[in-house]
Amino acid sequence: MSARRARTRRIVSLREPYEGRLLEVDDLRTHFRTARGPVRAVDGVTLSVDRGRTLGIVGESGSGKTVLARSIMGLLTARNVERSGSVRYDGQELLDASPADLRRLWGTELAMVFQDPMTSLNPVMRIGRQLTEGVRHHLHVTKAEARQQALVLLNDVGIPDAASRLQQYPHELSGGMRQRVTIAIALASGPKLLFADEPTTALDVTVQAQILDLLQQQQRNRFMAMILVTHDLGVVAGRTDEIIVMYAGQVVERAPTGTLFTKVKMPYTEALLSSIPSLTAPSHSRLRVIGGRPPDLVDPPQGCRFAPRCPYAQPKCTDDAPPLIEASTPGHVYRCWFPVPDPVPR
Ligand SMILES: Nc1ncnc2c1ncn2[C@@H]1O[C@H](COP(=O)(O)OP(=O)(O)OP(=O)(O)O)[C@@H](O)[C@H]1O
Ligand SMILES: [Mg+2]
């Protein structure tokens with residue numbers, strides 16, 4: 001393919017929003033074989049993301065968010081891993097895709113931004129080379145054109161004085177600037193789906209919002225779908241179309257973002273909501289934390305997995321595992337026998 005055709009194709013793909021399912025995950029299970037038995041890190045997750053839409057995946061540490069994201073991307077390298085179910089990207093089944101097919105997809109359609117920018121950047125390579133290598137690889141352009149494109153990308157992600165930044169090494173940049181560079185690299189291929197796994201956890205609070213705003217702005221400008229993984233419901237509040245709440249490897253609530261915040265059903269989600277720092281609370285006030293610990297994923301409770309920590313648990317909760325139940329609001333499901341009642345209208 002000529003360089004010009006490659007560039008034209010990319011521009012068309014960025015500017016042509018079209019509707020429809022991009023990602024469909026059905027009953028995905030990811031288990032790790034261990035001496036104690038299988039660790040059921042992802043235990044029957046079903047989700048979907050439409051083109052250009054955003055999904056938040058939220059849950060406490062250890063709930064399976066990263067394993068879920070990596071299972072979808074085919075990025076789990078552990079020898080003791082077993083996956084079953086289905087992951088369809090744009091109609092193509094990824095669970096049995098060859099490593100070469102997966103690499104092609106990561107290079108063009110799918111991209112990922114990780115928590116710590118230092119793990120995705122090469123510490124001994126200048127920023128410019130890391131960016132231009134990505135650009136040249138994806139767009140088949142000359143060195144000069146790649147440099148130009150790298151400058152455009154750095155500008156897109158809000159890095160001032162881009163030309164001189166190209167000469168710098170990652171350690172010469174602040175944490176926020178480094179994360180902007182990794183976002184630029186992720187965007188270089190013009191992905192249709194971006195995974196961001198706790199992209200701001202390692203950053204100062206003041207920088208976190210800037211990076212999240214940048215991701216949101218790029219997601220919209222490029223009509224790119226995005227999955228934003230976080231333990232903090234406050235992060236996904238105004239930035240996603242839909243939210244999935246994970247607990248012990250399972251989806252325990254799924255709802256359009258506005259619905260989740262106004263008509264929460266699952267007591268676990270309610271507890272997460274009450275631990276969002278309030279802007280009006282004194283800055284040193286303690287967050288309400290959820291008492292108790294998440295269950296052992298080798299031997300989870302036979303009833304509701306949240307029951308041992310749930311303030312509303314009844315005997316039925318410890319006996320029977322609740323299925324996902326449909327709420328009265330469209331697109332809203334939850335896994336609870338005794339859901340939080342709707343707020344009384346005033
Ligand atoms: N290679 C492995 N072998 C065995 N268990 C594993 C392996 N990798 C992950 N796990 C387990 O899978 C579970 C889910 O882990 P995961 O990293 O997905 O959690 P998380 O929700 O991303 O947490 P965090 O918010 O801390 O990033 C954890 O209990 C973890 O110990
Ligand atoms: Mg994680």
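**Entry 1**

I start with a definition: two strands count as paired if DSSP finds at least two bridges between them. I also note that this model is predicted.

I found an open sheet of 4 strands, in the order 2-1-4-5, with antiparallel pairing. Strand 2, residues 39-50, and strand 5 are at the edges. Each has a single partner strand, so one side of each has no neighbour in the sheet.

Next I went through the pairs. Strand 1 and strand 2 run antiparallel and are joined by 9 bridges. At Arg 21, I see Asp 50 of strand 2 standing opposite. The two strands make a hairpin, with 6 residues between strand 1 and strand 2. In that turn, Gly 37 has a positive phi of about 125°.

Strand 1 covers residues 21-32, and strand 4 covers residues 81-89. I count on 8 bridges to join them, again in the antiparallel sense. I checked two positions here. His 31 has Glu 82 of strand 4 as its bridge partner. Phe 32 has Val 81 of strand 4 opposite.

Arg 88 is bridged to Glu 93 in strand 5. How many residues lie between the strands in the hairpin of strand 4 and strand 5? I find 2 residues, and Asp 90 takes a positive phi near 50°.

**Entry 2**

Helix 2, residues 65-73, lies across strand 1, strand 2 and strand 4. It runs at about 65° to strand 2.

I turned to ligand 1. There are 16 residues around the ligand. Which of them come nearest? I note Phe 32, Ala 41, Ser 61, Thr 66 and Val 67.

Strand 2 and helix 2 each give at least two residues to the shell. Helix 2 supplies the largest share, 3 residues. By class, I list 6 nonpolar, 9 polar and 1 charged residues around ligand 1.

Strand 9, residues 242-247, and strand 10, residues 250-256, run antiparallel with 6 bridges. Met 246 has Val 251 of strand 10 as its bridge partner.

**Entry 1: helix against helix**

I reminded myself of how such pairs are described. Two packed helices are given by the angle between their axes and the distance between the axes.

I took helix 8 and helix 9 first. Helix 8 is residues 175-187, and helix 9 is residues 205-221. Their axes come within 10 Å and cross at roughly 15°. Angles under 35 degrees count as roughly parallel. Helix 8 and helix 9 are therefore roughly parallel to each other. Their crossing is right-handed.

I wrote down who meets whom. On the helix 8 side I have Gly 175, Gly 176, Gln 179, Arg 180, Ile 183 and Leu 187. On the helix 9 side I have Val 207, Gln 210, Ile 211, Leu 214, Leu 215 and Gln 218. By class, this contact has 6 nonpolar, 5 polar and 1 charged residues.

Helix 8 has another contact, with helix 5 (residues 127-139). I find an angle of about 20° and axes 9 Å apart. That makes helix 5 roughly parallel to helix 8. The crossing of helix 5 and helix 8 is right-handed.

Which residues of helix 5 meet helix 8? I list Ile 127, Gln 130, Leu 131 and Gly 134. Their counterparts in helix 8 are Val 181, Ala 184 and Ile 185. This contact divides into 5 nonpolar and 2 polar residues, with no charged ones.

Key:
Residues numbered from 1 in each chain as written. Chains lettered and ligands numbered in written order. Predicted model: local features only at pLDDT ≥ 70, side-chain atom pairs only at ≥ 80, totals over all residues. Contact = placed C-beta atoms within 7 Å. Axes fitted to C-alpha atoms, helices over the stretch in contact; angles between N-to-C directions. Near = placed C-beta within 6 Å. Nonpolar A, V, L, I, M, F, W, Y, C, P; charged D, E, K, R; others polar. Parallel < 35°, antiparallel > 145°, perpendicular 65-115°, else oblique. Left-handed = near helix turned anticlockwise from the far one by under 90°.
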